[in-house]
2 protein chains.
Amino acid sequence: MHKIPNIAVIRLALYAKHLEMLHNDGVELVSSVKLAKMCGANPAQIRKDLAYFGQFGVRGVGYYVNDLLNALKEVMGTNRTWRLGLFGVGNLGKALLGFEQFAQRGFIFTAAFDKDIDLVGTEVQGMEISQSEDIKEVIKGPGCFDIAVLATGADRAQDCAMRIVEAGIHAILNFTPVRLVVPENVFVENVDFTVRLHALCYSLTTGSDVTQRHPR
Amino acid sequence: MHKIPNIAVIRLALYAKHLEMLHNDGVELVSSVKLAKMCGANPAQIRKDLAYFGQFGVRGVGYYVNDLLNALKEVMGTNRTWRLGLFGVGNLGKALLGFEQFAQRGFIFTAAFDKDIDLVGTEVQGMEISQSEDIKEVIKGPGCFDIAVLATGADRAQDCAMRIVEAGIHAILNFTPVRLVVPENVFVENVDFTVRLHALCYSLTTGSDVTQRHPR
DNA sequence: CTTGATTAGTGAACCTTTTCACAAGAATGG
DNA sequence: CCATTCTTGTGAAAAGGTTCACTAATCAAG
């Protein structure tokens, strides 16, 4: 049995995104070559990535968009809605609450927390704000969520992360610049816009392209 | 001469970030082992990455934080201020305008554009909003910028990108889900939060960690 | 001055990931 | 049924990146 490269899994999300676009355009059939052009990838890579998870295509024909999309969703675990809990309702937090692409792709916020006492109890983007100290209570009710989105200030980040872990949440999307210390069984994705800007700076300065082929 | 891996350049930004933290803490000397622990990297990798660009350390001693930081900034082209132009002053756009980490790390917004006539002429986060049709005029004045930050709706993205390119801008940080079509000499970094969430979904569903080691 | 402890720099080995090239299967037209 | 065209699935080769293991340099203590 083959070891599946992490990066192949990430690319599945990319493929799924483009398959969804094809589906919305009413396209029923697609070849690895066409999909590769859309994604900016190599057709052989797409076929190989898919092969790690099964056989989804028909030789001489291509891939049926709907079938492949459903198969990929099943593999990635995105054939369901995932609930998000926001920590830190500042500029970025508010923007994330209203970020349409989340809802479109099956991610909905069910809870929002902030340290600011004046904010607690008020509504932002139709979400009632709670105190992060109350996370355990919130999680028992309709505010229950699967993934924490951390958008607090740097000073609150580690503290919040510990509360999140203690409440039994095992996944964090971390927008703070802090390297979180969490138990091994907790998954953390660090998002850092400035790193991406640095890549552009280097490319502009040296003329050598270090931008990434695929979106992240 | 060696070919420098793209990914090594990206990691330099990570090292620089942690060196800045050390510098702020008054630390003057650091070893590859210590820095590696901070960054969550392998010490040999740090030494190798640095070696692509020169010799910055002292054997038996380590790296002088300040010297290395300055050297890295020089290499990456971040020993200067970079000016950003924002396109699309919606939820996300506003959040980016007020994003403290940008200013802290040498990125400042000098211009902001929106299609909404009611917004044009008003101020958001102390920035006057212009029409994207006027980009060429704005660029001649104090609103001149080096990198475009694209945070419009999907429908406006490609159109805006073309205007940006025509105005002579060669770098775009793209927050829209659109795969931009631009000339070869224009650098594009695509940011997609949902892809990162998908990685967490897969990890949670399968138990196998596909999150990235380093922030992006 | 010598010894021992550190730590950067680096060639080589190792591992991972991407790409190639072709066999196998499917549709179409005669 | 056969030939042709298409496209997937996949072993193997190539490319790319990471880690190891050792050398060279530096410092401190005896």
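This report describes a predicted model of chains A and B with DNA strands C and D.

## Model and conventions

Residues are numbered from 1 along each chain as its sequence is written, while chains are lettered from A and ligands numbered from 1 in the order in which they are written. Because the model is predicted, local features need pLDDT of at least 70 and side-chain atom pairs count only at pLDDT 80 or more, whereas totals for chains, interfaces and linings use all residues.

## Domains of chain A

Chain A is divided into domain 1, residues 6-74, and domain 2, residues 82-194; the bounds come from an automatic or database domain assignment. The centres of domain 1 and domain 2 of chain A, taken over C-alpha atoms, are separated by 32 Å.

## Sheet of chain A

Helices (H or I, at least four residues) and strands (E, at least two) are DSSP runs, numbered from the N terminus. Two strands count as paired if DSSP finds at least two bridges between them. Chain A has an open sheet of seven strands in the order 5-6-4-3-7-8-9, with mixed pairing. Strand 5 (123-124) and strand 9 of chain A stand at the edges with a single partner strand each, so one side of each has no neighbour in the sheet.

Strand 3 (residues 82-87) and strand 7 (residues 147-150) of chain A pair in the parallel sense over four bridges. Leu84(A) stands opposite Ile147(A) in strand 7 of chain A. Helix 8 (residues 154-166) of chain A packs on this sheet and touches strand 3, strand 7 and strand 8 of chain A. The direction of helix 8 of chain A makes about 170 degrees with that of strand 7 of chain A; axes are lines fitted to C-alpha atoms, for helices over the stretch in contact, and angles run from 0 to 180 degrees between N-to-C directions.

## Sheet of chain B

In chain B, an open sheet of seven strands has the order 5-6-4-3-7-8-9, again with mixed pairing. Its edge strands are strand 5 (123-124) and strand 9 (187-190) of chain B, each of which pairs on one side only. Strand 7 (residues 147-150) and strand 8 (residues 171-174) of chain B pair in the parallel sense over three bridges. Leu173(B), in strand 8 of chain B, is the bridge partner of Val149(B). Helix 8 (residues 154-166) of chain B lies across strand 3 (82-87), strand 7 and strand 8 of chain B, and runs at about 170 degrees to strand 7 of chain B.

## Contact between the chains

Chain A and chain B each put 52 residues into the contact, where two residues are in contact if their C-beta atoms, placed from the backbone, lie within 7 Å. Helix 9 of chain A gives the largest share of the side of chain A that touches chain B, with 13 residues. This side has 28 nonpolar, 15 polar and nine charged residues. Ala, Val, Leu, Ile, Met, Phe, Trp, Tyr, Cys and Pro count as nonpolar, Asp, Glu, Lys and Arg as charged, and the others, Gly among them, as polar.

The same surface serves both copies, and 100% of the contact residues of chain A recur in chain B.

## Surfaces near the DNA

DNA strand D is surrounded by 29 residues, the closest being Gly57(A), Gly60(A), Pro5(B), Asn42(B) and Gly60(B); a residue is near a strand if its C-beta atom, placed from the backbone, lies within 6 Å of it. Helix 3 of chain A gives the most to this surface, five residues.

Around DNA strand C there are 29 residues, with Pro5(A), Gly60(A), Gln55(B), Gly57(B) and Gly60(B) the closest. Helix 3 of chain B supplies the largest share of the surface near DNA strand C, five residues.
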